[in-house]
Amino acid sequence: MNPMILALLLFGVMYAMLLVFSDSRWMIALGAAAVFMLLRLLPPLAALEAVNWNVLMMLCGTMATVELFIESNMPALMAEGLLQKVPNVQWAAVVLSVFSGVISAFVDNVATVLMVAPVGLAVAKKLNTNPVPLIISIAVSSNLQGAATLVGDTTSILLAGYMDMSFNDFFWFHGRPGIALAVEIGALLTIPVLLFLFRREKDRVSAEITTKVTDYVPTVLMVGTVVLLIVASQFENKPALTNGTICMGVAILGLLYETLRRRSAEVVKDVLRAIDYKTLLLLAGLFMVIEGITQAGVIDAIAALFVRLGGGSKLLMFVLIVAVSVLLSAFIDNIPYVATMLPVVSGIAALMGEEPYLFAFGLLIGATLGGNITPVGASANIAGIGILQKAGYKVSTGDFMRIGVPFTLIAAVSGALTIWLLWA
């Protein structure tokens, strides 16, 4: 059998299994990588070299630091402080949603929901109002700003790793505003949507500061990670593992400090348990499989197909990438999708004689925001619904889409338009 057809079939089977057996995605990806090597579609050495260790180290270190940050209760204290500044439930919904978006620009989206949603649930309970719209708003807002910074989401880290982007590049890149501006414009335009959706919620909010921060060092570590990544961005020709080493180093420093402070190694065990190893292994497997299909010529073939569909029009191609990304990400996990499509959009750009950044940013805008359309489109949505169900509330697909669809449309259209105006 033709190696390209065989590689494409194997990739198709793997992707279908990723969709059906979501709890075993890491095993499926690693298993597919092993099959590629057994069938000699991918040499073992090339497979190991294909793994972006810098990305995996960044994710692992950030996850550990975020866990310490959550345990310190600082995010809950910040949310309560914000609630003291709002006049009613309508603005409380806006503030909590915007707050979750700002937090998610630096913290994993699921972790953001786990931090902010309980505060929203407590506010709704105190005012005897339905918490479902509020928690959904928090969840979709946490997805919204994940693409704003290098550490905001796994997909952002994938983009940075593939395009060799630094922390600063998300804000200013090649003499132009980076993707962060497009994300923030989309975020700002969702505020009127929230105000309209909660227009009848005029009950007054009376929030008290009840949370006690147990330790301020994790907050310093979070800020320190961002600062060090910014500083590292100033140096050219730095070692490939620089960002990963920073994130891992700060996490290890935090664990050592907490161990000494508590005089117990239990905190190390707690943080190690909180790290999402399955996502790390999934990414490792995907890196290998994507290298396999790249060597077999599949990526080039898919890129050529997109170019034929786009008819050579840069605008049509950009719209196609964004629209397909929004649609697919509404139903499938955006991590494997973005990992697969980054080489594709680079191939498309090469065939069209263009730089890849316009299409890559459009891909990330569409894939990040598309997950807001349905309850299963993003892990943060599932986490928010899980919190509601645990509290005894039912969430229908209609309940979710009533908020998710307008959020997605306004943020995706405005974000994509901004990217086009800046980068076309």
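Biologist: Is the crossing of H8 and H20 left-handed or right-handed?
Modeller: Helices are DSSP runs of H or I (at least four residues), numbered from the N terminus. Right-handed means that the near helix is turned clockwise from the far one by less than a right angle; left-handed means anticlockwise. The crossing of H8 and H20 is right-handed.

Biologist: At which pLDDT do side-chain atom pairs count?
Modeller: Residues are numbered from 1 along each chain as its sequence is written, and side-chain values use heavy atoms, without hydrogens or water. This is a predicted model: totals for chains, interfaces and linings use all residues, local features need pLDDT of at least 70, and side-chain atom pairs count only at pLDDT 80 or more.

Biologist: Are H8 and H20 roughly parallel or roughly antiparallel?
Modeller: Their axes, lines fitted to C-alpha atoms over the stretch in contact, have angles from 0 to 180 degrees between N-to-C directions. Under 35 degrees counts as roughly parallel, over 145 as roughly antiparallel, 65 to 115 as roughly perpendicular and the rest as oblique. H8 (residues 132–144) and H20 (residues 397–423) cross at roughly 30°, with axes coming within 10 Å. H8 and H20 are therefore roughly parallel.

Biologist: Are H10 and H20 roughly parallel or roughly antiparallel?
Modeller: H10 spans residues 179–197. The axes of H10 and H20 are 8 Å apart, at an angle of about 150°. H10 and H20 are therefore roughly antiparallel.

Biologist: How many nonpolar residues are in the contact of H10 with H20?
Modeller: Contact means heavy atoms within 4.5 Å. The H10 side includes Ile185 and Leu189, and the H20 side includes Phe407 and Ile410. Ala, Val, Leu, Ile, Met, Phe, Trp, Tyr, Cys and Pro count as nonpolar, Asp, Glu, Lys and Arg as charged, and the others, Gly among them, as polar. The contact has 1 charged, 5 polar and, as nonpolar residues, 15.

Biologist: Is arginine 40 buried or exposed?
Modeller: Arginine 40 sits in the loop between H2 (25–38) and H3 (44–50). Its phi is positive, near 60°. Buried means under 20% relative accessible area, exposed over 50%, partly exposed in between (1.4 Å probe, protein chains only). Arginine 40 has 79% relative accessibility, so it counts as exposed.

Technical notes: Helix = DSSP H or I, 4+ residues; strand = E, 2+ residues; numbered from the N terminus.
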